[in-house]
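Here are my notes on the model, point by point. Please read them with the coordinates open.

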Amino acid sequence: VLAALDMLGYERPAALRHKTSGLVGIVVPELNNPIFPAFAQGLEFRLSQHGYTPLLCTQSPGGTTEDEAVQLLMSQGVSGIIFVSGLHADSSASMERYHDLRNRGIPLAFINGWADGVDGTFVATDDAAGMDGAVRHLTSLGHTGIGLLIGPDRLVPAQRKIASFRTALAEHLGITDAEPHIFRTLYTLEGGHAAAEQLVASGHTGLICGSDLMALGAIRGVRGQGLRVPEDVSVIGYDDSPLIAFVDPPLTTVHQPVGALCQAVVTALLGEIDGNPGPRTELVFRPELIVRASTTAAPR
């Protein structure tokens, strides 16, 4: 009955509303990439189930920073904070901000990224396994010119994807120098577009992208060269963002287990709020390659 009320847009009777157990902050880097709204929704739902009120903060270029978002959350008296792909994933950033929060007694949890020495719960998708699965898929289809479109080297998930890509090229294709097959750019449509143009021009017929958003840009870049996806160039995304199965063509992508990641991080954070700290090792969740219509056999 309650679910029907929510789906139809009716307000719940006051007596049936959840009693709040406190506030929990959620910090995400942006909302333009559809994977981040998916994480935000998954976290909000699970926190609400436990009676906590989620406070969502998003960043924007030239706008609110992560530190400013944290200051806002602290002014609201949050019981804990969850960071999704935040500065903890940036190997060039200072981790003192997180040490300061822990010294103030704030429980912390992190999704996708690792910061050695930071006292908090870390959960992540196994980027190495995801990348290996993508390379295996393309090589099984006969592709030998495989390129990686990825973000800046300073980001831990990018580092892990690049390392696995190098290993996979050596294992499956005997390529010992992967650098000519890696294009570092931004996790945007424009970044994917520019990278695809360069890699296709150098003879690559299989493109693996660091995000679904990049993959959509890559498809546009391939078509801009007068080529077809997947007949001439196969494209693989990463995330399995909402609605990505309905683009043209439906995108083959590495599925991040968003629900499992959200459940694990909320369980750990709320346990710590209740005085039961969780493990300080990184919890890694294996992704799944979802094969759709953007990949096919290599062209002759």
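**Notes on the predicted model**

1. Ser85 sits in the loop between β3 (80-84) and α4 (96-103). Helices (H or I, at least four residues) and strands (E, at least two) are DSSP runs, numbered from the N terminus. Ser85 is not a glycine, yet its phi is positive, about 50°. Its relative accessible area is 23%, so Ser85 is partly exposed. The cut-offs are under 20% for buried, over 50% for exposed and partly exposed in between (1.4 Å probe, protein chains only).

2. A word on provenance. The model is predicted: local features need pLDDT of at least 70, side-chain atom pairs count only at pLDDT 80 or more, and totals for chains, interfaces and linings use all residues. Residues are numbered from 1 along each chain as its sequence is written, and side-chain values use heavy atoms, with hydrogens and water left out.

3. Ser85 also bears on the largest pocket. Together with Pro29, Glu30, Leu155 and Tyr187, Ser85 lies nearest the pocket centre, among 39 lining residues. A pocket here is an open set of points on a 1 Å grid over the protein atoms alone, where a 1.4 Å probe fits, with protein on both sides within 12 Å along at least five of seven lines; lining residues have an atom within 4 Å of a point. The space in the largest pocket is about 1000 Å³. That volume is the space filled by probe spheres set on the points, and points are joined across faces, edges and corners.

4. Which elements supply at least two residues each of that lining? They are α2 (35-49), α6 (156-173), α7 (189-201) and β9 (234-239). The largest share, 3 residues, comes from α2. By class, the lining has 15 nonpolar, 16 polar and 8 charged residues. Nonpolar covers Ala, Val, Leu, Ile, Met, Phe, Trp, Tyr, Cys and Pro; charged covers Asp, Glu, Lys and Arg; the others, Gly among them, are polar.

5. Now the whole chain. It has 9 helices and 12 strands. Its radius of gyration is 21 Å, close to the 19 Å of the globule rule for 300 residues, so the chain is as compact as a globular protein of that length. The radius is taken over C-alpha atoms, and the rule is 2.2 Å times the number of residues to the power 0.38. Buried residues make up 49% of the 300.

6. Thr295 lies in the segment after β12 (288-290). Is Thr295 buried or exposed? Its relative accessible area is 9%, so Thr295 is buried. Its side chain makes a polar contact with the side chain of His137 at 3.0 Å. A polar contact is a pair of N or O atoms within 3.5 Å; within protein, one must be able to donate a hydrogen and the other to accept it, and residues adjacent in sequence count only if both atoms are side-chain atoms.

7. Two cis peptide bonds deserve a look. Val229 to Pro230 is cis, with omega near 10°; Pro230 is in the loop between α8 (212-224) and β9. Asp248 to Pro249 is cis, with omega near -5°; Pro249 is in the loop between β9 and β10 (252-255).

8. Leu243 is also in the loop between β9 and β10. It is not a glycine, but its phi is positive, about 75°. At 65% relative accessibility, Leu243 counts as exposed.
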